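Open the model in your viewer and keep the selection tool ready. We will go from one side chain to the next.

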Amino acid sequence: MIGTDNFIELVEIYTKNVNSYPTLYGLRKIFVNKNLILSFSENIKLKKKMQRNEKLLPELDRRQIYTKIHLQAYGTSSTYIDVVGGPEILQDKLNREKKDA
């Protein structure tokens with residue numbers, strides 16, 4: 001069993017309607033196993049998209065920074081998620097969790 005200390009709480013930006021236009025976005029709290037994070041970087045493309053159209057997620061400040069996280073999935077596959085907050089915030093959170101362990 002995986003201990004809860006392996007997880008960090010993040011806010012994910014997800015698409016509500018994958019196959020329709022315009023794309024609708026939502027926010028949800030997620031818990032990510034920090035041992036499965038392969039890499040992460042600022043998602044400039046998403047930031048520009050959100051800045052161009054404030055109606056996409058009106059509850060967020062247009063100056064908000066987003067991070068794309070590359071996660072190990074099953075076997076040799078992987079997946080990506082977008083979260084609210086910059087890479088530095090995620091790095092601080094990972095370091096803080098490590099110190100608390």
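Start with Arg28. Arg28 is partly exposed, at 39% relative accessibility. Here buried means under 20% relative accessible area, exposed means over 50%, and partly exposed lies in between (1.4 Å probe, protein chains only).

Before moving on, note what you have open. This is a predicted model, where local features need pLDDT of at least 70 and side-chain atom pairs count only at pLDDT 80 or more, while totals for chains, interfaces and linings use all residues. Residues are numbered from 1 along each chain as its sequence is written, and side-chain values use heavy atoms, with hydrogens and water left out.

**Stop 1: around Arg28**

The charged end of Arg28 sits over the Tyr14 ring, 3.9 Å from the ring's centre. The rule: NZ of Lys or CZ of Arg is within 6 Å of the ring centre and within 35 degrees of the ring normal.

Now select Glu12. Arg28 and Glu12 form a salt bridge, with their closest N and O atoms 2.8 Å apart. A salt bridge is a side-chain nitrogen of Lys or Arg within 4 Å of a carboxyl oxygen of Asp or Glu. Arg28 is in strand E2 and Glu12 in strand E1, so this pair links distant parts of the chain, 16 residues apart. Strands (E, at least two residues) are DSSP runs, numbered from the N terminus. Glu12 is buried, at 10% relative accessibility.

**Stop 2: Glu9 and Lys29**

Select both. Their side chains meet in a salt bridge, 3.8 Å from N to O. Glu9 lies in strand E1 (residues 7–15) and Lys29 in strand E2 (residues 25–33), so the pair ties together parts 20 residues apart in sequence. Glu9 is partly exposed at 38%. Lys29 is exposed at 54%.

**Stop 3: Asp82 and Lys68**

How far apart are the closest N and O atoms of Asp82 and Lys68? They are 3.2 Å apart, in another salt bridge. Asp82 is buried, with a relative accessible area of 16%. Lys68 is partly exposed at 29%. By the salt-bridge rule, the count comes to 4.

**Stop 4: Thr67**

Select Thr67, in strand E4 (residues 66–72). Is Thr67 buried or exposed? Thr67 is buried, at 0% relative accessible area. Its side chain reaches the backbone oxygen of Gly85 at 2.6 Å. The Thr67 side chain also reaches the backbone oxygen of Gly86, at 3.5 Å. Leaving aside neighbours within four places in sequence, Thr67 is in contact (heavy atoms within 4.5 Å) with residues including Phe40, Ile81, Asp82 and Leu90.

Note on methods: Helix = DSSP H or I, 4+ residues; strand = E, 2+ residues; numbered from the N terminus. Polar contact = N/O pair within 3.5 Å; in protein donor to acceptor, adjacent residues only side chain to side chain.
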